[in-house]
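My notes follow in the order I took them.

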Amino acid sequence: MQQYKRRRLEVLQLAPTVFADTDEQYASLTAVKSRLEGFKAQYPREYSQAYIGESAAALFAPYVRLELLHWEPLPVGGGSSGGGQPPAAGSNGGQQQQQQQVVPFDTQDWYTQLFEFGLGAGDAAAAAAAVGEDADANLVPQLVESLVLPMALTLVAK
């Protein structure tokens, strides 16, 4: 368990450097989201023809994976909390159990940013989403299915 915690801490400390050498317009989820929503608002037909809505989950996956590094769906034995923070100094076993709190993934930044991705990009997009034609309406469920669920299943299996 100590080796796992040590390695996890190393990975979390290196995580901010992943997009360090990336151009600013692609270095964050917010920047990419903004560009794609702008493109969709300005060129809705081309956005659809280029299958961007169908590809959005793959485009956002690296940013989501990076943020999911900080997520622990189950409390790890030995007193770490759901957020990966050590227990308070001087806490005993009973207090550790109370302090262990699993933080749901739907409170993470990627989830809140992408929840309504592309759905407010004009009247045509809103109409398409209303009748189920807009692939952007399935972005978060696709990300949960392809990234969050396998991670949770792996942890439950162990």
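**Helix packing**

I began with H4 and helix H8 (residues 139-157), whose axes come within 10 Å and cross at roughly 45 degrees. The model is a predicted one. I looked up these two values because two packed helices are described by the angle between their axes and the distance between the axes. Angles under 35 degrees count as roughly parallel and 65 to 115 as roughly perpendicular; H4 and H8 are therefore oblique to each other. I noted the crossing of H4 past H8 as right-handed.

Next I listed the residues that make this contact. From H4 they are Ala56, Ala57, Phe60, Ala61, Val64, Arg65 and Leu68. From H8 they are Leu139, Gln142, Leu143, Leu147, Val148 and Met151. I sorted the residues of the H4 contact with H8 by kind and got 11 nonpolar, one polar and one charged.

**Whole chain**

I then stepped back to the fold. The protein has eight helices and zero strands, and along the sequence I read the pattern α-α-α-α-α-α-α-α. Of the 158 residues in the protein, 31% are buried. For contacts with a separation of 6 or more, I found that 65% join residues 24 or more positions apart.

Does the span of helix H2 (residues 29-42) agree or disagree with its 14 residues? At 1.5 Å a residue I should get 20 Å, and the end C-alpha atoms are 20 Å apart, so the span agrees. The buried residues I noted in H2 are Leu29, Ala31, Val32, Lys33, Leu36 and Lys40; two lysines, Lys33 and Lys40, are in that list.

I looked up Gln113 next, which lies in helix H6 (residues 109-114).

**Tyr51**

My last entry is Tyr51, in the loop between helix H3 (44-49) and helix H4 (52-68). Phi of Tyr51 is near 55 degrees, a positive value in a residue other than glycine. I wrote this down because most residues other than glycine have a negative phi. The relative accessibility of Tyr51 is 54%; exposed means over 50%, so Tyr51 counts as exposed.

Definitions and conventions:
Residues are numbered from 1 along each chain as its sequence is written. This is a predicted model: local features need pLDDT of at least 70, side-chain atom pairs count only at pLDDT 80 or more; totals for chains, interfaces and linings use all residues. Side-chain values use heavy atoms; hydrogens and water are left out. Helices (H or I, at least four residues) and strands (E, at least two) are DSSP runs, numbered from the N terminus. Buried means under 20% relative accessible area, exposed over 50%, partly exposed in between (1.4 Å probe, protein chains only). Axes are lines fitted to C-alpha atoms, for helices over the stretch in contact, and angles run from 0 to 180 degrees between N-to-C directions. Angles under 35 degrees count as roughly parallel, over 145 as roughly antiparallel, 65 to 115 as roughly perpendicular and the rest as oblique. A crossing is left-handed if the near helix is turned anticlockwise from the far one by less than a right angle, and right-handed if clockwise. Contact means heavy atoms within 4.5 Å. Ala, Val, Leu, Ile, Met, Phe, Trp, Tyr, Cys and Pro count as nonpolar, Asp, Glu, Lys and Arg as charged, and the others, Gly among them, as polar. The expected span of a helix is 1.5 Å times one less than its number of residues.
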